[in-house]
Amino acid sequence: MKFVLATRNAHKAEELKRILEELNLDCELFTVADFPGAPEVEETENTFEGNALLKARALAKFTGLAAIADDSGLCVDALNGSPGVLSARWSGALENVDRANLELVLEQIKDVAPENRGAKFVCAAVAVFPNGKELVAVGEMFGNLIDAPIGENGFGYDPIFVPSGFEITTAQMLASEKDAISHRGKALNQLAQQLSEVISKD
Ligand code: IMP
């Protein structure tokens, strides 16, 4: 079966490919980059699932293939769940965006005591089939925010996020270590399981 992934991010494509291969799923994976002219979809929903479905529905319609999309972000307890679906655009910065976003969150929680700095990363991964069938999987990774960035790996808010049960940030982990506990890893694994059930019924 052919799938198209609603991302130009090679890392995301590789991660999904690896998970699907581990499940021995017989499928061929394309990305949006293989379909010139594919629509850029604005993320206008207020849930991760809603935004992921917008992207996958548009791509399934454009390509005629089953489309897979994800949407993710950081939800901070002391900020009532923000930045949430606005994580990628939180600071409004146009340059050094990841750094500016992270610094804004640090500024917003600077008076919050360490014991109240709980946060979670959330990822919704969805698949939309040309016949309209939709699959949704959600993964979460809980942890705490520290008050200054540490670590060079990963991206986004990784340098200030220490997952529960660890003493290092996700920016200090190897990609494989993070994938094993991450919101994205969990959501993609769940989605891959659901896909394998759908494919084996066909
Ligand atoms: P998107 O799912 O590609 O739209 O990413 C949303 C935003 O959430 C990213 O730009 C990051 O700011 C943040 N984010 C999502 N997942 C992670 C992660 O694993 N580490 C750090 N930041 C993340």
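The points below start with how to read the model, then turn to the ligand and a few single residues.

1. This is a predicted model, in which local features need pLDDT of at least 70 and side-chain atom pairs count only at pLDDT 80 or more, while totals for chains, interfaces and linings use all residues. Residues are numbered from 1 along each chain as its sequence is written, and side-chain values use heavy atoms, with hydrogens and water left out.

2. Let's begin with the ligand's surroundings. The ligand has 14 residues around it, and those that come nearest are Ser-72, Asp-158, Lys-178, His-183 and Arg-184; a residue is near if one of its heavy atoms lies within 4 Å of the molecule. By type, this shell holds four nonpolar, five polar and five charged residues (Ala, Val, Leu, Ile, Met, Phe, Trp, Tyr, Cys and Pro count as nonpolar, Asp, Glu, Lys and Arg as charged, and the others, Gly among them, as polar).

3. Which elements each supply at least two residues of the shell? They are β3 (66-76) and α5 (183-201), and β3 gives the most, with three residues. Helices (H or I, at least four residues) and strands (E, at least two) are DSSP runs, numbered from the N terminus.

4. Now for the ligand's nitrogen atoms. One is 2.9 Å from an N or O atom in the side chain of Asp-158, and a polar side-chain atom of His-183 lies 3.1 Å from a ligand nitrogen. For the side chain of Arg-184, the distance from an N or O atom to a ligand nitrogen is 2.9 Å. Taken alone the ligand exposes 490 Å², and the protein buries 89% of that (areas from the Shrake-Rupley method with a 1.4 Å probe).

5. Asp-158 sits in the loop between β5 (134-145) and β6 (161-163). Asp-158 counts as buried because its relative accessible area is 2% (buried means under 20%, exposed over 50%, partly exposed in between, with a 1.4 Å probe and protein chains only). Its side chain also makes a polar contact with the side chain of Thr-170, at 2.7 Å (a pair of N or O atoms within 3.5 Å; within protein, one must be able to donate a hydrogen and the other to accept it, and residues adjacent in sequence count only if both atoms are side-chain atoms).

6. Finally, two other residues. Cys-27, in the loop between α1 (10-22) and β2 (28-31), is partly exposed, with a relative accessible area of 24%. Gln-190 lies in helix α5 and, at 35% relative accessibility, is also partly exposed.
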